[in-house]
Structures are given as C-alpha cells and as structure tokens.
Amino acid sequence: MAKSSSLVTKVSAQRRRRVHRPRRSPTKPERSAAAVALSHEKILLAGVDAAADMFGSLAGCPSSPEYPVVPDMDDRYVDGAVDDAPAAAAGRRASDETLAVHAGEKLGSGAAETDSIATPIVSGTTHWFRDSADLIAFREGRRRSFEYGRYGNPTVKVLEEKISALERAEATLVTSSGMNAIVATLLALVPPGGHVVATADCYSEARAFIRDKLSNMGITSTFVDLDDDMEALECVLDESEVTMFYADSMTNPHLKVVDVTRVAELCHRRGALVCIDSTLASPINQKPLALGADVVLHSATKYIAGHHDVIAGCVSGSEALISRIRAWHHDLGGAISPNAAYMIIRGLKTIALRVEAQNRTALRMARLLEKHPKIERVYYPGLESSLWHGVATRQMAGAGGVVSFDVASDLRGVMRFVDALELPLIATSLGGCESLVQQPAVMSYWGKSEEEKAKNGIKDNFVRFSFGIEKFEDLRDDILQALEKI
C-alpha cells in the first residue's frame, strides 16, 4: 500500500511539473499542419461570409428593420465575462432556433426521463405506482409522474413544453386537432350567459361554433369587422359585458392582421379575455402572449408540424387558464396520440428554418406578382401596399408563407392557371414543406351561395398559394409559365 501511495505521489508531482514546462517551438511538420488548418479555417470563414452575403442580398427580401423582432420576443443576454459561461447561460433566454430543438428535452423538465437524444414514444395508456406511498406522493404533487393517457403522457408533455417555450407561455395543452383546441377553449373560458365578440373573418368552423352552438348554451355573440379601426369593437365593449374577444391574426385567406396590443388594451380595460388564433403566423413570426393576449391557439397541423402528415391543435397561456381548458379537454376526450406528438416534436425542430425560408419566398413572390400584368391584386401584409403592413411590421418577425391574389381572368381562366402549375399540389391546408395552391371558389367555398362568397371576399378569380420550402427560382418560373396559359 505504501508503495502504491508513493507512486501516486510521484505521478501527481510529475503531472504538476509538466504543466509548468516552457512551451517548445513547433516542429516543421507541426508548423505545416498548423498552416493547413489555418488555411481551412479561412476558407470556412469565407464560405460563411459568402452565405451571409447571399441571404442578406436576396432581391426582394426585407431588411431587418422592416420586420424587427418585437421587444418582448428578443433574446435576452446578460453581460459577463466569457469565462462565466454557466452564469450567462442561466441568465439569458435562448433563441427560437435553439428552443425549437432543445426545449422540453435538454432544456426543460425532462418529462421523458431518458438519455436518448430523440424523445421516446411512450405508448403505454396507463402508468403504475410502486406502492400506496408513491401514489399519495403523486396525488400531493411531490412526485412527478403520469396516471392515464387521456390526462397526460411523457411524450406529449415534451411537446407541450417545447411549444410553451416558443410562445413564451406558462403552459400549453396539445389536442387531437385545432378545432378541438378551439372548442375546449371556448367552453372552458366562456360560461353560460357570457358574450363572445369575434372578428367576422375568423376561421369559418370556429365562427359557426360560436354562432350556432354556443347560442344553445345561453352564450351570445357579436361579429365585428376591424378592417378600418377599432370603433366597432369599442362600441360593443361599451354597450355590453364581454367575456372574450376571439380573432385570427393573420386571417385566412385574406391575411389581415389584428393589432393585438391595441385589442388587448381595450378588452382588458373592460375585463374581457383576448384569444388569438395565430395559425397562419406561426410561433416564429408572432407571439400574441407577448403582445398582450391571454390565450393563443394553433392548428398544429400547419407550420408547427410542418410536414402535412399529422393533425393536432394546441392552446397556450397562463397556468391558471390552461388548467381550466385542460379540465374541459379531459371531458371532451381530444387527447393526441404519443406517436402524433413525436412526429410534431421532430417537425418542430426545423420550424425556424422552414418558416424563415417560407417568409423569404412568399415576400419575393408577392412583390413579383404585384407587378405582373395578369395579377389584379396581391394580399400579403409584407407588402408596403397592404393595409396591414404597418401593424405587421410592429408585431411580426415575418409575414408568413401564404400569399393570396386575384388573377386578371374568370373562373375558367384561373382553373387553367392552377392546372398548368407543375410544382404546387392542388390541396387545402398550409405551412408544410410542399407548396399548395387552391382556388377557393371551387374548393373550400364549393356549393356556397354567391351571397356568402361575396360576404367573405371570395371571387372566382381568387387564388391562395401556400409556399413550401422549394427553391424560389423553381417556384417563380413555374408560376410565370402557368400565368402565360391564361
């Protein structure tokens, strides 16, 4: 034992002495290797600079001042020395790009309790307890666990934490569809005798539920048009006791933008909640909670999942409000499957990359179409000609991947244009990797009366285009050749 101890002492002393030895000059081979490494580094940095220049000089792309990040959305860093990295990390908010990858997993509660890089799919419907004391600890909140799949699941919990991080929310509930999230939210937060004020162009199925179903529960509703100003909303707030204001921002398919900050100020002054469906914006482009909304909804099928392969919804807000919605959700039974949750987790990791690419393509295409002789009007809040450009620049980081436009033709002419497109798919939905196109007059508004179509701004020559992540030049050339077919 004594010899071993002596040996350890000698080795430790030798190691300490090595640390203080003078650094020798590099040998010729080492100098050569260092030169090669430096050359490679210069090439790499040059490539990075070139890429930055390429993206910074894209024709038709907004400069950073055009779509500034809302202050509440900014990444917040603390000042400190480089050597104090752990302290700095603890005091800053990670970027959306980083949160999309790590929130709920490495950055989060670790609900999945695994050292796997990929969140596992926990398919079990029920969870067991070691003994009665373990069960009581769970009931009293001293032990984090799950009980039954309809009430919660480890894989789903990771997804909920990831969305909460992106929305800057205390809590999130993920549901089996966007409509399930809408229904659960309205039933939970608007009691019998309540009053909902909604925008006239909110999601059509939500509008029908508010108008036709909630009325059977003793809940009244008023629909307002906020195209010009807030006067219509102010009048309703002054004349009646409003429980909730409900709106889409952006709207579908005309891409109108609601001034969420102004709406929140007016509604909160009179005790009304504000609920914003932000599906067409995505959590990357807009954060309604940071702007003053109480609840934000998404059809997670769209930008959040991003691959046209899973149906889901989500609602985010304070822990108090989401707990109320969750209780109703348990009764409605709209639980999402762990497999679907995993697919959304995987899709979310690239949401920042996807949405930024879609923002760029949509803006460049909108600007090109606006100048095309066969296009009468383009609907896109990223354009300076848009009525909603001002509010969009104040509260959004980008205008999204959907562009709508009126073609200078009739129903049949527009059908020829759509049919001549080679890349986009004729389909409903939006926000995925593949570009989609539809002519609402023969798709979503098929069979509707002329009066209803006119009321919703749907004309025979109206087209909605959801841009995917294909190369801009390919989409541009395809659209231009299709326009020549009219």
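Let's start at a glycine: Gly382 sits in the loop between strand S8 (375–379) and helix H16 (389–395). Helices (H or I, at least four residues) and strands (E, at least two) are DSSP runs, numbered from the N terminus. This is a predicted model, with residues numbered from 1 along each chain as its sequence is written, and local features need pLDDT of at least 70. Side-chain atom pairs count only at pLDDT 80 or more, while totals for chains, interfaces and linings use all residues, and side-chain values use heavy atoms, leaving out hydrogens and water.

Gly382 is buried, with a relative accessible area of 1%; buried means under 20% relative accessible area, exposed over 50%, and partly exposed in between (1.4 Å probe, protein chains only). Its C-alpha atom is 9.7 Å from that of Val403, 21 residues apart along the chain.

Now zoom out. The chain has 19 helices and 12 strands, and 47% of its 486 residues count as buried. Taking contact as heavy atoms within 4.5 Å, residues 24 or more positions apart account for 73% of the contacts with a separation of 6 or more.

Next, have a look at the largest pocket, which has a volume of about 1300 Å³. The search runs on a 1 Å grid over the protein atoms alone, and a pocket is an open set of points with protein on both sides within 12 Å along at least five of seven lines. Grid points are joined across faces, edges and corners, and the volume is the space filled by probe spheres set on the points. Lining residues have an atom within 4 Å of a point. There are 46 of them here, and Cys202, Tyr203, Ser204, Glu205 and Asn252 lie nearest the centre. Elements giving two or more residues to this lining are helix H7 (178–189), helix H8 (204–213), strand S3 (220–224), strand S6 (295–299) and helix H18 (450–455). The largest share, five residues, comes from H8.

What about charges? The structure holds 15 salt bridges, each a side-chain nitrogen of Lys or Arg within 4 Å of a carboxyl oxygen of Asp or Glu. One of them joins Arg130 and Asp134 (3.4 Å, N to O). Arg130 is exposed, at a relative accessible area of 60%, whereas Asp134 is buried, at 4%. Another pairs Arg262 with Glu265 (3.6 Å, N to O). Those two are three residues apart in helix H10 (residues 260–269), so about one helical turn separates them. An α-helix has 3.6 residues a turn, so residues three or four places apart point the same way. Arg262 is partly exposed, with a relative accessible area of 29%, and Glu265 is partly exposed as well, with 41%. Arg476 and Asp477 also meet in a salt bridge (3.0 Å, N to O); Arg476 is partly exposed at 25% and Asp477 is partly exposed at 40%. There's a network as well, linking Asp96, Arg168 and Lys287.

Glu167 is buried yet has no salt bridge, and the nearest side chain of opposite charge, Lys287, is 5.6 Å away. Leaving aside neighbours within four places in sequence, Glu167 is in contact with Pro283, Gln286, Lys287, Pro288, Leu289, Val296, His298 and Ser316.

Key. Lys and Arg count as positive and Asp and Glu as negative; His and the chain ends are not counted. On a 1 Å grid over the protein atoms alone, a cavity is a set of points where a 1.4 Å probe fits but cannot get out, and a pocket is an open set with protein on both sides within 12 Å along at least five of seven lines; lining residues have an atom within 4 Å of a point.
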